[in-house]
Structure formats: C-alpha cells, structure tokens
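Let's take a friendly walk through this model, starting with a pair of helices and then moving on to the chains.

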Amino acid sequence: MTAQSMESLVFNGERLRMCTTPLDIYLVQRGIRFHSETTANWRGYDGSWEIKGSEELGYRLYLVELSASIEYKKYVGLDYLFPDYPNGIFAHWFTGEIRCPRGDRLHYVHGGYASIYEEDLFLEFHEGVLKGSRVVKNEAPKPIAQEDLPWFLRSGGKND
Amino acid sequence: MIEALLSNKLALAYFSVGPIILIYFGIKSWIEYRERSDFIKSVQEMMGTKATLKDQIKTYAMYFIAGLIVLVAWPVFVAWVFYEKYKEYRDMLERRKPKFFCTNEYLIRKISAIKAEQDSLVIDPLGMAPSIPFGHLNTAWCEFLAKIEEGDDIWLYEIPKGSITGKDHNRATSLMRGYAHVRRKKIIGEFVRQSG
C-alpha cells in the first residue's frame with residue numbers, strides 16, 4: 001500500500017499535517033464511499049481541519065474544507081455532505097488521538113502513515129473537544145544488521 | 001483378473017462409478033476452459049508458443065495417469081468435490097456477514113431510544129452542528145432506529161482502545177462508543193456515536 005496523503009490541521013496558528021482521518025467514522029455511519037483517484041489517497045477525499053475555541057469554551061475540532069471525488073475528475077465540497085453547514089462542521093463524533101508529524105522525515109515507509117518524522121504532536125480529543133496534547137521525539141530506526149536477518153534474506157556480497 | 005472382477009458385483013459397481021466421475025471432471029474442465037475471461041484468453045494467446053511433440057506427449061500422459069487415478073480412487077475425488085463445495089458455501093456465508101465493530105462482549109446495558117437521545121444532545125458554541133441528538137449523525141441514528149422492530153433491543157456498547165474487535169479483527173485505535181441493535185441475543189445493527 002502506498003504512503004497516504006495527509007490532511008491539514010490549523011492549531012494555534014500553526015499549519016500541521018495529520019496522520020489521522022477523523023471524517024472516516026462519519027462516512028462509515030452514513031454508508032458513503034468516495035472515489036479514489038490515486039493510490040496515495042485510497043479514501044478519495046482530502047479535508048482541512050481547524051481547532052477553534054477559547055480557554056473558556058474549550059477548543060474543538062472542525063472540518064472547514066473538503067475536496068472529495070465522487071467520480072473520475074468530479075469533485076464535491078463540504079456542502080455535499082453537510083448542505084446546511086457549508087462553512088464548517090464540528091466533528092463531535094471524534095474521540096481519540098490525532099497524530100501530527102513535525103520536522104524532517106527520518107525514515108520513509110511505503111504504506112499508510114507509517115513513515116517516521118522528527119517528532120509527533122499527539123492531540124487527544126473527547127467527542128470533538130480537545131483534552132490534551134503531548135509531543136513524542138522520534139529517531140530513525142537503526143538498520144538491521146546482516147547477522148540479525150534470517151539466512152535467506154542476507155545479501156551475498158563479500159563486502160556486506 | 002478382469003473376468004474375476006466382472007464376476008464380483010461389488011467390484012463391478014465400484015469400478016463403474018469411476019468413469020462417471022471422470023466424465024464429470026472432464027465436462028467441468030471443458031466448461032471452465034470455454035468460460036475463460038477475455039483477459040485470460042488474450043494473455044494465453046500472447047504467451048502461447050507452439051507445443052512440441054514432447055510437450056504434447058507429456059500432457060496426454062499426465063491426463064492418462066490422472067484418469068487412471070480417478071478411476072481407481074474416485075471416492076477421494078468425490079470427497080474432495082464435496083469439501084470444495086462446503087468451503088465455497090462457508091466463504092459465501094462469511095462474506096455476507098454484516099460488518100460491525102461491536103461484538104457481544106462489549107455490550108454494557110440495554111437502553112431505550114429516548115434515554116440514548118437524552119444522553120447525546122450536541123451543542124456547539126460556534127453553531128457548527130445541529131443542536132439535536134447525535135448532531136450531524138442524527139440522520140444515521142434515525143436510519144438505525146428505523147430498523148428496530150418489536151422485541152428488539154438497543155444496547156449501549158463500549159470498545160476500549162486497543163481491543164481486537166469486529167469482523168476483520170482489527171485493533172481499535174481509540175475508545176469506541178455506540179449502540180447495538182440486538183435481536184434474539186444477536187447483534188444485527190450498529191450505530192457508532194464516537195470513535196477515532
């Protein structure tokens with residue numbers, strides 16, 4: 001599976017990328033599937049998200065833009081799913097963590113969101129309301145030594 | 001030996017079934033060959049080289065040996081055909097199973113539709129969600145309710161983060177809460193209220 005394109009998230013004025021797709025569960029509930037035009041985006045849509053709010057009211061997750069393919073080269077926006085809310089919707093169904101990678105990519109993995117970046121910002125939500133955040137620093141994985149590989153995967157070169 | 005076989009009715013009966021099985025496999029293979037997709041035909045044509053005499057002899061020898069084996073050991077092939085049919089049926093049933101995240105172990109308690117709606121009113125200070133039960137998911141909730149019949153129950157369920165669950169045995173990446181439509185102790189519908 002090809003590495004998947006990331007959706008965007010604006011938080012505290014910072015534009016982040018997301019390795020989480022909060023709209024998925026809504027689409028599953030409604031039985032909606034979009035048309036995938038590239039192996040880098042199997043879900044067939046791209047969303048722009050924002051965390052809005054204040055200390056008093058709390059910070060919440062909103063989907064503010066959407067570009068989804070309903071058939072080849074035919075795209076729809078947020079109003080296709082939410083005709084009464086074309087300017088954005090509150091993602092009240094989302095409970096869990098959003099992973100936002102930051103910094104340079106240290107290790108590429110050709111699948112999903114498995115690539116490793118310098119750090120990950122995890123944002124914890126409960127029913128669409130931000131509950132906390134944490135940052136995890138990452139390191140590039142060490143290359144596997146030849147002797148740790150099973151014999152049939154070892155390279156045969158004398159210099160290895 | 002053949003005379004002795006013919007005089008033994010049981011042996012005669014046994015060996016007369018073999019040709020029938022052989023004809024069955026022959027017709028089945030012929031139909032499969034005739035019904036090849038256009039794609040397979042085009043690939044075969046593209047790759048096809050003229051068979052040498054040696055290849056043809058090998059092919060006919062293989063068919064001859066296979067035929068002999070079927071004639072003698074036909075019960076094995078009959079059992080094999082039944083087993084294949086059973087596997088096809090079992091796989092078809094598995095494919096037709098509805099795909100739910102919830103399984104019986106995550107059911108917490110029965111709940112009425114009214115109570116579920118009271119617990120799920122969505123209020124957004126920025127007005128970006130309808131102030132109704134389940135907010136943007138209200139349509140999905142109504143679709144879920146429409147399938148509830150007399151005698152059915154709604155159960156609240158909760159799947160902890162990290163649980164292996166659902167038809168595909170995936171690990172839940174976050175806490176998942178929702179309502180299950182239960183009929184005669186079996187989950188036949190699901191509404192996910194919150195998940196990641």
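## Two helices in chain B

In this predicted model, helix α2 (residues 9-34) of chain B packs against helix α4 (residues 53-72) of chain B at an angle of about 135°, and their axes lie 7 Å apart. An angle of about 135° makes α2(B) oblique to α4(B). The crossing of α2(B) past α4(B) is right-handed.

Which residues make this contact? From α2(B) come F15(B), G18(B), P19(B), I21(B), L22(B) and F25(B), while α4(B) brings G67(B), V70(B), L71(B) and V72(B). By class, eight residues of the contact are nonpolar, two are polar and none is charged.

## Where chain B meets chain A

The contact between the chains draws 18 residues from chain B and 19 residues from chain A. On the chain B side, strand β6 (residues 186-194) gives the most, with three residues. The residues on the side of chain B that touches chain A divide into nine nonpolar, seven polar and two charged.

## A look at chain A

Chain A has two helices and nine strands. Along the sequence, their order is β-β-α-β-β-β-α-β-β-β-β.

Now for its overall dimensions. Chain A has a radius of gyration of 19 Å, whereas a compact globule of 160 residues would come in near 15 Å. Along the principal axes, the C-alpha atoms of chain A fill a box of roughly 65 × 40 × 25 Å. Of the 160 residues in chain A, 25% are buried. Among contacts in chain A between residues at least 6 apart in sequence, 50% link residues at least 24 apart.

Notes:
Residues are numbered from 1 along each chain as its sequence is written. Chains are lettered from A and ligands numbered from 1 in the order in which they are written. This is a predicted model: local features need pLDDT of at least 70, side-chain atom pairs count only at pLDDT 80 or more; totals for chains, interfaces and linings use all residues. Axes are lines fitted to C-alpha atoms, for helices over the stretch in contact, and angles run from 0 to 180 degrees between N-to-C directions. Helices (H or I, at least four residues) and strands (E, at least two) are DSSP runs, numbered from the N terminus. Angles under 35 degrees count as roughly parallel, over 145 as roughly antiparallel, 65 to 115 as roughly perpendicular and the rest as oblique. A crossing is left-handed if the near helix is turned anticlockwise from the far one by less than a right angle, and right-handed if clockwise. Two residues are in contact if their C-beta atoms, placed from the backbone, lie within 7 Å. Ala, Val, Leu, Ile, Met, Phe, Trp, Tyr, Cys and Pro count as nonpolar, Asp, Glu, Lys and Arg as charged, and the others, Gly among them, as polar. The radius of gyration is taken over C-alpha atoms; the globule rule is 2.2 Å times the number of residues to the power 0.38. A residue is buried if 20 or more other C-beta atoms lie within 10 Å of its own, exposed if 12 or fewer, and partly exposed in between; C-beta atoms are placed from the backbone.
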